[in-house]
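Here's a quick briefing for anyone opening this model for the first time. Have the sequence and the 3D view side by side as you read.

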Amino acid sequence: LKKIQPSVPTRVNMSCHTCHAGRARPATLEEELNEAYTRSGVTAALARYRELRERFYGNGGYDFSERTLNGLAYELLAKKDYDGAIAIFRLNSSEFPQSGNVWDSLAEAYLAAGKNQLAEIYYRKSLEVDPQNDNALKKLHEIAGKP
């Protein structure tokens, strides 16, 4: 590798820490949670999230942004595990209560589960946090039966 000429004046350093970040096995947070879910269900995935957050939050080992939990929850929604998706979306909304997107996602899960009243509540919460959320407004009109 030392013989390869860099494309910029400063070389990029790579080490075990670059990928592992203090972990025995490099994996994304979503992969870790999906593995726990596959093995033992949503309760295990939630417990794994809390464990990893306690150990690794703030050190760059995992992406603890709302995007990670949303990704996992939408995977569960696609599998029609509505209760699992709702549990993950609820965790995300408690972690990121100022994000209109997480409330919108929680509402979508309730809507998919046929719980329209709860969907309406969370679409309204999404609009409260983000008044520019066109999707929430559109979905509220659909729930009310308005064009």
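Start with Phe89: setting aside residues up to four places away in sequence, Phe89 touches Asn70, Ala73, Tyr74, Leu77, Ser105, Leu106 and Ala109. Keep in mind that this is a predicted model. Phe89 is also among the residues with the most contacts inside the largest nonpolar core.

**The core around Phe89**
- The largest nonpolar core has 33 residues.
- Along with Phe89, the residues with the most contacts inside that core are Leu29, Tyr49, Phe64, Ile88 and Leu106.
- Which elements give two or more residues to this core? They are H2, helix H3 (42–56), helix H4 (66–78), helix H5 (82–95), helix H6 (100–112), H7 and H8.

- You'll find Ser105 in helix H6.
- Is Ser105 buried or exposed? Ser105 counts as buried because its relative accessibility is 1%, and the cut-off for buried is under 20%.
- Apart from its neighbours within four places in sequence, Ser105 is in contact with Asn70, Tyr74 and Phe89.
- Asn70 and Tyr74 turn up on the contact list of Phe89 too.

**The chain as a whole**
- Take the contacts in the chain with a separation of 6 or more: residues 24 or more positions apart account for 46% of them.

**Where H7 meets H8**
- Helix H7 (residues 116–129) packs against helix H8 (residues 134–144) at an angle of about 150°, and their axes are 9 Å apart.
- That angle makes H7 roughly antiparallel to H8, because angles over 145 degrees count that way.
- The crossing of H7 past H8 is left-handed.
- On the H7 side, the residues in contact are Asn116, Ala119, Glu120, Tyr123, Arg124, Ser126 and Leu127.
- On the H8 side, they are Asn135, Ala136, Leu137, Lys139, Leu140 and Ile143.
- Sorted by type, the residues of this contact come to 7 nonpolar, 3 polar and 3 charged.

**Asn34 in H2**
- Asn34 sits in helix H2 (residues 29–40).
- With 16% relative accessibility, Asn34 counts as buried.
- Which residues does Asn34 touch, not counting those up to four places away in sequence? Its partners are Leu72, Glu75 and Lys79.

**Arg53 in H3**
- Arg53 belongs to helix H3 and is partly exposed, with a relative accessible area of 25%.
- Leaving aside neighbours within four places in sequence, Arg53 is in contact with Phe64 and Glu95.
- Arg53 and Phe64 are 11 residues apart along the chain, and their C-alpha atoms are separated by 7.5 Å.
- Phe64 is one of the residues with the most contacts inside the largest nonpolar core.

**Lys80 in a loop**
- Where is Lys80 found? Look in the loop between H4 and H5.
- Lys80 has a positive phi of about 65°, although it is not a glycine.
- Lys80 counts as exposed because its relative accessible area is 58%, and the cut-off for exposed is over 50%.

Notes
Residues are numbered from 1 along each chain as its sequence is written. This is a predicted model: local features need pLDDT of at least 70, side-chain atom pairs count only at pLDDT 80 or more; totals for chains, interfaces and linings use all residues. Side-chain values use heavy atoms; hydrogens and water are left out. Axes are lines fitted to C-alpha atoms, for helices over the stretch in contact, and angles run from 0 to 180 degrees between N-to-C directions. Helices (H or I, at least four residues) and strands (E, at least two) are DSSP runs, numbered from the N terminus. Angles under 35 degrees count as roughly parallel, over 145 as roughly antiparallel, 65 to 115 as roughly perpendicular and the rest as oblique. A crossing is left-handed if the near helix is turned anticlockwise from the far one by less than a right angle, and right-handed if clockwise. Contact means heavy atoms within 4.5 Å. Ala, Val, Leu, Ile, Met, Phe, Trp, Tyr, Cys and Pro count as nonpolar, Asp, Glu, Lys and Arg as charged, and the others, Gly among them, as polar. Buried means under 20% relative accessible area, exposed over 50%, partly exposed in between (1.4 Å probe, protein chains only). A nonpolar core is a set of buried Ala, Val, Leu, Ile, Met, Phe, Trp, Tyr and Cys residues joined through side-chain atoms within 4.5 Å.
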